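Me: Could you take a close look at how neighbouring helices pack in this chain, with the cut-offs behind each term you use?

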Amino acid sequence: MLKVILFLLAGGAIIAGGWLLAGIPGHVAVSIGSISIDTSAPFAILLLIALFVAILIVLRIVRAVWGIPRTGANWRRRRRLVLGQRAATRVLVALAAGEQGAARKEASRARNYLGESPQTLLLVAEAARLSGREDEAEAAFRVLTNQKDARFLGLRGLLRQAVDRGDWAEALVIAKDAEAAHPGTAWLRQQRAELALRTENWAEALQLIGPDPHKAAYYVAAADAEPDASRALAFAKRGWKQEPGFTPAALAYARRLRTGGYEKRALACIASAWKLAPHPDLATFALASVSNELARAQAAKRLTAGNPAHPESRLLLARVALDAGLTGEARHQIEIMEGDGLNLRRQCLLLAEIEEHERGDTEVGRLAQRDALRRAASADPDPHWQCSHCHADNRAWQPKCESCGNIGTVQWVSGVKATSGLPVIVG
Ligand SMILES: [Zn+2]
């Protein structure tokens with residue numbers, strides 16, 4: 001409808017213009033050499049308009065002919081762009097499908113069509129990595145690092161490669177460059193934290209790391225690695241606060257408290273750890289400064305007061321009672337354990353010692369000892385430090401498993417044979 005109205009308006013305007021033109025009076029006479037033109041004014045105006053339109057058309061044609069080569073180049077560029085984008089899409093599909101050959105081929109095609117853009121270089125690198133051609137991938141990542149806007153992408157790729165081949169020194173250098181290229185990224189922070197752990201830079205790891213189930217272990221390691229006593233004490237305290245029932249953390253803090261002359265606080269720390277998760281090393285620490293056997297028995301009672309029914313408490317009480325010559329008390333503790341259905345190796349060995357103390361070198365005593373030792377041979381093994389990752393036994397607790405090198409995986413496991421067949425983590 002609008003078009004019809006416009007058409008009618010334009011028609012009306014042309015008719016009105018023609019009518020006005022026809023109404024112009026006078027005539028035009030032009031003489032060029034021997035040629036003379038004598039015509040009416042409206043016709044002369046029409047001729048001028050026609051001449052103007054003809055000049056416009058000629059100019060347009062000249063411009064179109066002049067621009068033919070440039071139009072051809074544009075067309076070719078657009079064509080390459082379309083083909084390049086198609087190849088790039090095929091690379092993504094091949095990468096997703098794990099098709100190594102197709103990914104590399106299409107990535108090379110995309111690079112030919114689109115040049116060394118960050119996108120194509122990234123595709124080339126990822127396709128090369130998928131095919132196991134780390135050198136090709138590294139070359140592409142290095143080209144990326146030279147592009148101002150894509151430098152971080154290149155460094156990210158190089159960092160991943162360094163981490164994969166375990167080159168921690170190189171990875172640290174790259175991580176530093178990446179931080180400078182694009183500061184404050186969460187991913188890089190995580191990577192730097194992992195590198196700090198790998199290189200045993202515990203203090204830096206603790207600054208970078210977020211929530212982590214092994215944080216207490218890192219604090220203990222940081223305290224052990226710290227030469228400054230007050231900083232070491234601060235690390236140890238934070239480790240203990242992080243996980244008060246973690247024996248290495250409690251010991252790390254208590255040891256430094258004792259060295260600093262804070263014996264009461266050290267013993268309180270050990271007692272609170274015992275309450276949560278009794279461990280023989282805690283008892284060794286707590287009783288280390290007590291030499292009198294009866295005093296040791298008293299000290300053990302104080303230590304175990306928060307968790308008296310735990311097998312470790314009963315074993316400790318039986319041990320110190322026996323050492324103090326209180327065989328009745330020692331036997332009482334062992335009998336309670338037997339009543340609880342426990343059959344631990346140390347419990348049987350203690351019983352053998354009790355039999356020896358009580359019955360001496362008699363026939364009955366020898367028989368009772370032999371029976372206890374026989375039971376010890378088939379009893380549940382002692383709890384020990386074991387890696388939760390590779391299940392290798394570790395001689396003592398350490399931040400890194402001595403077998404597989406995993407960090408924070410060494411845990412105290414009981415030797416009691418659980419129904420699942422797996423060791424039970426104690427504390
Ligand atoms: Zn391990």
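Reply: Helix α6 passes helix α7 in a left-handed crossing, a crossing being left-handed if the near helix is turned anticlockwise from the far one by less than a right angle, and right-handed if clockwise. The model is a predicted one, in which local features need pLDDT of at least 70 and side-chain atom pairs count only at pLDDT 80 or more, while totals for chains, interfaces and linings use all residues. Residues are numbered from 1 along each chain as its sequence is written. The elements are DSSP runs numbered from the N terminus (helices: H or I, at least four residues; strands: E, at least two).

Helix α6 spans residues 134-145 and helix α7 residues 151-164, and they pack at an angle of about 150° with axes 7 Å apart; the axes are lines fitted to C-alpha atoms, for helices over the stretch in contact, and angles run from 0 to 180 degrees between N-to-C directions. The two helices are therefore roughly antiparallel to each other (over 145 degrees; under 35 is roughly parallel, 65 to 115 roughly perpendicular, the rest oblique). On the α6 side, E134, A137, E138, F141, R142, L144 and T145 take part, and they meet R151, L153, G154, L155, G157, L158 and Q161 of α7, where contact requires C-beta atoms, placed from the backbone, within 7 Å. The residues of this contact divide into six nonpolar, four polar and four charged (Ala, Val, Leu, Ile, Met, Phe, Trp, Tyr, Cys and Pro are nonpolar; Asp, Glu, Lys and Arg charged; the others, Gly among them, polar).

A second pair is formed by helix α15 (residues 280-287) and helix α16 (residues 293-304), whose axes come within 10 Å and cross at roughly 130°, which makes α15 oblique to α16. Here the crossing of α15 past α16 is right-handed. From α15, A283, A286 and L287 contribute to the contact, and from α16, R296, A299, A300 and L303; these residues divide into six nonpolar, no polar and one charged.

Key:
Two residues are in contact if their C-beta atoms, placed from the backbone, lie within 7 Å.
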